[in-house]
Amino acid sequence: DYSDLSFRLARAADPTTPLALSEYGIEYTTTESKHRRKALLALLQRLRDQNTPVDCLALQSHLVADQVFDRGGLTTFLRDVVQLGYRLLVTELDVNDVRIRGTEEERDAAVARHLGEYLDILFSVARPLSITTWGLSDRYTWLRQYNKRADGSPLRPLPLDANFNRKSMWAL
């Protein structure tokens, strides 16, 4: 019941602020992503049925460039969420290129393609209220704490490189 109580207290504190439930790991063809989508939809349905004041689903979009999107499953899930009356947000967006081979330009292009595919899926269902990256520059990405490339080169998951130059992802 803490979810319901938390949202009710937040709404009471500020009736005008949109309230979002935030979740990650729903994008891919993995069993875990499928289970997360199913459980999250059930939770959102339950919250909606008990009139919990949740306005949005925030998609923590920590993408992984070498994984395969579950285009059908993700599209259906997002449609179901929107049909329940929720709006969508994209939060914490980055694209991990830890296992993408090639030059920086080739890796940047792969990251941009992966993000483009994700945005195509999302926008085919609804325009999100906002899209927020989890940082702007590769220089400060949190991913380097947990991921090391086999070739030793730095990760390139964000719209700006370590010197704050725009990359392919910026144009999306």
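Throughout, a residue is called buried when its relative accessible area is under 20%, exposed when it is over 50%, and partly exposed in between, with a 1.4 Å probe and protein chains only. The structure is a predicted model, in which local features need pLDDT of at least 70 and side-chain atom pairs count only at pLDDT 80 or more, while totals for chains, interfaces and linings use all residues. Residues are numbered from 1 along each chain as its sequence is written, and side-chain values use heavy atoms, with hydrogens and water left out.

The chain holds four helices and four strands, taken as DSSP runs numbered from the N terminus (helices: H or I, at least four residues; strands: E, at least two). Read from the N terminus, the order is α-β-α-β-α-β-α-β. With a radius of gyration of 17 Å, close to the 16 Å that the globule rule gives for 172 residues, the chain is as compact as a globular protein of that length. Here the radius is taken over C-alpha atoms, and the rule is 2.2 Å times the number of residues to the power 0.38. Along the principal axes, the C-alpha atoms fill a box of roughly 50 × 35 × 25 Å.

Of the 172 residues, 45% count as buried. As for contacts (heavy atoms within 4.5 Å), residues 24 or more positions apart make up 74% of those with a separation of 6 or more.

Now for the inside. In soluble globular proteins, nonpolar side chains tend to be buried together. A nonpolar core is a set of buried Ala, Val, Leu, Ile, Met, Phe, Trp, Tyr and Cys residues joined through side-chain atoms within 4.5 Å. The largest one here has 36 residues, and Leu44, Leu57, Leu63, Phe77, Leu78, Leu115 and Tyr118 touch the most other members. Two or more residues each come from α2 (31–49), β2 (56–64), α3 (71–83), β3 (87–96) and α4 (104–125), with α4 giving the largest share, eight residues. Leaving out residues up to four places away in sequence, Phe77 touches Ile26, Arg37, Leu40, Leu41 and Leu57.

Helix α3 also contains Leu74, which counts as buried at 2% relative accessibility. Beyond four places in sequence, Leu74 touches Ile26, Glu27, Arg37, Tyr118 and Ile121. Lys34 is 40 residues from Leu74 in sequence, yet their C-alpha atoms are 8.7 Å apart.

Over in helix α1 (residues 2–13) there is Arg11, partly exposed with a relative accessible area of 22%. Once neighbours within four places are set aside, Arg11 is in contact with Thr17, Leu19, Pro53 and Asp55. Arg11 and Thr52 are 41 residues apart in sequence, with 9.5 Å between their C-alpha atoms.

Finally, a word on the backbone. Most residues other than glycine have a negative phi. Asn51, though not a glycine, has a positive phi of about 55 degrees; Asn51 sits in the loop between α2 and β2 and counts as exposed at 62% relative accessibility. Glu92 is not a glycine either and has a positive phi of about 60 degrees, but Glu92 lies in strand β3 and counts as buried at 16% relative accessibility.
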